Amino acid sequence: MVARKFVVHHGGSAFDLDYDTDDGFEVLKFQLFSLTSVPPDQQKILGADDNRAVSDESDLESISDKLRLVSIDEEETSKEMDKSAGDFAISDEELARKLQAEEDALMMQQFVTSENREQVEQRIRPYVSQVLMYEDPHRQEAARKTVPVDKLEEKAMVALAREGNLKPAKDEFDHAFLLQLLFWFKQSFRWVNAPPCDSCNNETINQGMGVANHSESLYGASRVELYRCKTCSNVTRFPRYNDPLKLVETRKGRCGEWANCFTLYCRAFGYESRLVLDFTDHVWTECFSPYLRRWMHLDPCEGIYDNPLLYEKGWGKKLDYVIALARDGVYDVIKRYTRKWHEVLSRRVITTEPALASIITDVTREQRKNFNSEMLLKLSERDKSEAEELERNLFSKDDASISLPGRQSGDKQWRISRSEFGSDEHCSLSSSSCPVRKCVDEHVTKIYNAFSPIIHQLVEQGSDKSTAKELVEFFKRTLVSLRNSPFKTRRTAVNAVSTSSLFSKMLPSFGQLFDALSLKSELGVNGAISISLASDPVKTSLALPVVFHALDDLIVNLNSCDKMNKETISWPLVKLNRICSGFVLASGEELPFGIATSAFDGTRMSKWEEPNGATGCWIIYKVIDNRMHELVAYELMSANDAPERDPMDWILEGSGDGGSSWDILDKRTSEKFDKRYQRKTYEVISRSFLANTFRFRFQAVRDAKSTSRFQIGSIDLYMKTDGVPSTK
């Protein structure tokens, strides 16, 4: 650890900054954000003496103590990233080395290959016919009918809302929907190692290959695997169907079936899509994203997207040919999937590069022969743009902060035998260099606050614990009915007969909670109560999971009460003044479902997971408007599984200057969560300290010997406000 003192010049002002080099470059940018209000993604940091750019590869212990911060225009930054791959450009020396290696590999290729067009065409042409099936309206309609479109649209909108985007553009929504389609497909399609016995459902063992019968051949099953039951000796057939229409029905297979079927789904929803054939025996999908303005890799078997180095870096595959096929042509896209081009070239020995290019050109010309001139021009421009992008990618640096997993689909021994298992240490996609994320959690605080008038009225009218529980459970059932209706038109009605008389009487006290949920209630002349959307349906979708889990916690806390009285109107039934609306930064995170903001979203469905945090990790929450708060308590909730990853020792710190300096607010050791989703409340030891930034330094998990990971279900911070009951 080296403590540095920097003087940072920005906008005519000079800022003093204390910095610990062990904290990493992202923390430095976060501290500069606190001082200057320049978001981390718009910062360009330069040495004031030599004007040299400071990056995550700079030696932060030896750079000048005088820095200059420049704010980059967001639009220009985006264009620059598209043009030059931003911070990932390699040095001139490295580029020269790679170009020389490529030249040597091409020279060597001339001696070990022949112009074997026939073998290449035999591999490619069957797929040319297959991808045309994706254009069939009947197949597309059959695929769409199996998709819960309303649910996926809701999930896509909620995912965008969690990033603060409640009014996405069409390209943004289409991109988000495609990702939800991928996640849904991953959960709904089944991987087959050996099929269960179709007679008794017990395990089977492979008995070789059989001949396809007529019904199997109708759907392109040229191969049929045979499996004998270990229990009843019945033989189960496993046809390897090639027609995606049949796969929509069977919903099972291996990578060939997965990618074949998923590509149909992508086309069914209008995405420009390709089936990608890896000659080393894997298949996946590419879709063109107007939002990203480029082709995006999607692997349905793994549920991973936009990580094309997954196979070379994660699985450890020795790639040679990667060919993408679509209705409009055939494309050699290997350069998207490698950073070891000269090594790949040495393995491309089926035919020469000019011969391969000629084959691809000929097949593509055949596929485009009936296209009009306007479409041909559009495709020509897109082809040129993609070729330039692939060249840029090839000579760009790897993102060392991203850990790519080995193959997860398929039996473990099968993966090992194929040398695709990767490292045991990396079984999931993760990042050790998190961006600063905006935390959209104001709705969580509003929901927590909204229980106060309900509890107050229950106490004032002398309700007992049993009556309070009955009311809460009735309200929860009502919300379940609302949740089960279409999200854009959510509505439910409680008729006069089934309406709890207490609920009707207390309806005004639920007004604040309805507001927090973006709902409204109307009392009809016949005593029925109608509950419907009050504004943007996405706000309700965002809030519903939070209120369900808050209601569950409320029921648990009611059970723990001795009786309902004025003392009840305090912690933990009433949780007021939760701090919200901040920026979050962490030492690492799981992608895409274990990101740092998941710790503050108020639901049990998510968690922050740090893949390398068992022996130490941290997370920072900075109040968005720099307002100062006195922290009086905080609440931690254990996550859904793996108790060995629970926090055991930690230090909570506060900063009054946005993270430049820290004071210890609380310290805990040997803490233990006894069950999943358990909430534990801690009062802050050091009171009267005003802070706008808070940092947890988690120092140990429950069992670091059995895991490298840390996880936490949720973190809630509570501030002091005059006149509000304390946590006691």
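What follows is a conversation about a predicted model, in which a colleague asks for the reasons behind some of the terms.

Colleague: How do you know which strands stand at the edges of the sheet?

Modeller: The open sheet has 4 strands in the order 2-1-4-3, with mixed pairing. Strand 2 (13–20) and strand 3 (43–47) each have a single partner strand, so one side of each is left without a neighbour in the sheet. From one strand to the next, the twist averages 35°.

Colleague: Why are strand 3 and strand 4 called paired?

Modeller: Two strands count as a pair if there are at least two bridges between them, and 5 bridges join strand 3 to strand 4 (residues 66–71), so these strands meet the definition. They run antiparallel, and Gly47 has Leu67 in strand 4 as its bridge partner.

Colleague: What makes helix 10 mostly covered?

Modeller: A residue is called buried when its relative accessible area is under 20%, and 13 of the 14 residues of helix 10 are buried.

Colleague: How do you know that the span of helix 10 agrees with what it should be?

Modeller: At 1.5 Å a residue, the 14 residues of helix 10 (residues 255–268) should span 20 Å, and because the end C-alpha atoms are 20 Å apart, the two values agree. Helix 10 is followed by Gly270, whose phi is positive, near 85°.

Colleague: Where does pLDDT stay under 50, and how many contacts beyond four places in sequence does the model have there?

Modeller: Over residues 74–87 pLDDT stays under 50, and the model has 14 such contacts for them; pLDDT also stays under 50 over residues 723–728, with 11 such contacts. For the protein chain, the mean pLDDT is 89, and 91% of the residues reach 70 or more.

Terms used. Residues numbered from 1 in each chain as written. Predicted model: local features only at pLDDT ≥ 70, side-chain atom pairs only at ≥ 80, totals over all residues. Heavy atoms only, no water. Helix = DSSP H or I, 4+ residues; strand = E, 2+ residues; numbered from the N terminus. Axes fitted to C-alpha atoms, helices over the stretch in contact; angles between N-to-C directions. pLDDT = per-residue confidence, 0-100. Contact = heavy atoms within 4.5 Å. Expected span 1.5 Å × (residues − 1). Buried < 20%, exposed > 50% of the residue type's maximum accessible area, 1.4 Å probe, protein only.
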